[in-house]
Amino acid sequence: MRASRLLSILLLLQAHGRLTAADLAQRLEVSVRTVYRDVESLHAAGIPLYGEAGHAGGYRLVDGWRTRLTGLTAEEADRLLFAGLPGPAAELGYESVVATLQLKLRAALPPPLADRAAQLQQRFHLDTPGWYSDGDPSPHLAPTADAVWRQHRIQVRYRSWQGEVARTLEPYGLVLKGGRWYVVAARPERAEPATYRVNQILELTTLDETFDRAADFDLPAWWRAHVVEFRARLHRDEATIRLSPRGRDRLREICSDAVVAAVDASAGPPDDAGWVRAVVPIESLTHAHGDLLRLGAEVEVLSPAELRARLADTAAALAALYAPTHPPAGMPAPAAAADPWVEPRRSAMN
């Protein structure tokens, strides 16, 4: 552990030029006193490292000196894919390995290329979770990744749309989609793989049993085909709606690309108020009810009748809930609204 930390100090100084003891302590997650001891050890080993006092001081290497200890370990080489994805790497438990890998990669570059790499890091940042979610944390993500890598079967208790089920899975791979982790896995009694959301795994036990992964299984190709198939069966019905101009703009923010494209393709000319009529695909009445409610009074459903009735019932329930005749407990009744036909009394200032 200490030898790895000493190497990290060299790589950090080589990459950043000058760092204070406090900077090094924060990056290495150790105390400043530990950094002082490590620097003394590097001095004793003949490393040309010196410190500068003062406000702009810190430790730095003699100009032109570079360590050649930048070879990758087997584990670091395995994690090379995650070098530009610190968030997913941390979720998988690879954070420290990837941090060391990034240092070695940068240290192995000549100064001009290392500077370009640093500039690139400051200009492009990949943040995979959505705006309204911090990702898809799961205590079973790292064990799932380990089982994927070692090709071990796992026994899980899983929350599906049918309720809780027990499954023995052969995990082929992990996919991060929209900030959510999915494991693509087959079952011993069913060869065709399926997708399982890792966040819905309630219990997981890694079994001693290994499995043979199909030699021709291509995870990226399988996932692309799965997404195409999923989208094809997603919208099995359609609805006819009227949209206000504001509703049409809002639709682009909250609905899928398929719904937006359908509106653009089927919308007729706007009426005098600017509303358009369009036909949109829907997955189910329940999903359409939830999505269209987000548009409020900026959309009117014309068909199917059952969806229109559901929205009308919800609107009536909301109107009753917020009726001014029944204020929440502990709150005074709202004041009577002023008669809009009575001219307000003129102020003495007028």
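Me: Two strands pair if DSSP finds at least two bridges between them. In this predicted model, what makes β2 and strand β3 (residues 58-61) a pair?

Reply: β2 and β3 are joined over four bridges. The rule asks for at least two, so β2 and β3 count as paired. The sense of the pairing is antiparallel, and Glu52 stands opposite Gly58 in β3.

Me: Why are α2 and α3 called roughly perpendicular to each other?

Reply: The two helices pack at an angle of about 105°, and their axes are 8 Å apart. Angles of 65 to 115 degrees count as roughly perpendicular, and α2 and α3 are therefore given that description.

Me: Which residues of α2 meet α3, and of what class are they?

Reply: Ala21, Ala22, Leu24 and Ala25 in α2 meet Val32, Val35 and Tyr36 in α3. By class, this contact has seven nonpolar, no polar and no charged residues. Ala, Leu, Val and Tyr count as nonpolar, so every residue type named here falls in that class.

Me: What makes Glu29 worth a remark in the loop between α2 and α3?

Reply: Most residues other than glycine have a negative phi. Glu29 has a phi near 60°, a positive value in a residue other than glycine. Glu29 is placed in the loop between α2 (21-28) and α3.

Me: How do you know that β6 and β7 form a hairpin?

Reply: Strand β6 (residues 180-187) and strand β7 (residues 190-197) pair in the antiparallel sense over five bridges. There are two residues between them, and the two strands form a hairpin. Arg187 stands opposite Arg190 in β7.

Me: Why is the pair of Tyr172 and Phe217 called edge-to-face?

Reply: Five aromatic pairs are counted in the model. In the pair of Tyr172 and Phe217, the rings are 4.8 Å apart centre to centre, with 70° between the planes. The distance lies within 6.5 Å, so the rings pair, and the angle is over 60 degrees, so the pair is edge-to-face.

Me: What makes α10 roughly antiparallel to α11?

Reply: The axes of helix α10 (residues 245-254) and helix α11 (residues 257-266) come within 8 Å and cross at roughly 150°. Angles over 145 degrees count as roughly antiparallel, and therefore α10 is roughly antiparallel to α11. The crossing in which α10 passes α11 is left-handed.

Me: Which residues form the contact of α10 with α11?

Reply: Arg248, Leu251 and Arg252 in α10 meet Val259, Val260, Val263 and Asp264 in α11. By class, this contact has four nonpolar, no polar and three charged residues.

Me: How do you know that β9 and β11 pair?

Reply: Four bridges join strand β9 (residues 237-243) to β11, and the two run antiparallel. The rule requires at least two bridges, so β9 and β11 pair. Leu243 stands opposite Val299 in β11. These strands belong to an open sheet of three strands with the order β10-β9-β11. The edge strands of this sheet are β10 (276-282) and β11 (299-303).

Me: What makes Pro304 stand out in the loop between β11 and α13?

Reply: Most peptide bonds are trans. The bond from Ser303 to Pro304 is cis, with omega near 0°. Pro304 is placed in the loop between β11 and α13.

Methods: Residues numbered from 1 in each chain as written. Predicted model: local features only at pLDDT ≥ 70, side-chain atom pairs only at ≥ 80, totals over all residues. Heavy atoms only, no water. Axes fitted to C-alpha atoms, helices over the stretch in contact; angles between N-to-C directions. Parallel < 35°, antiparallel > 145°, perpendicular 65-115°, else oblique. Left-handed = near helix turned anticlockwise from the far one by under 90°. Contact = heavy atoms within 4.5 Å. Phe/Tyr/Trp six-rings, centres within 6.5 Å; stacked < 30°, edge-to-face > 60°.
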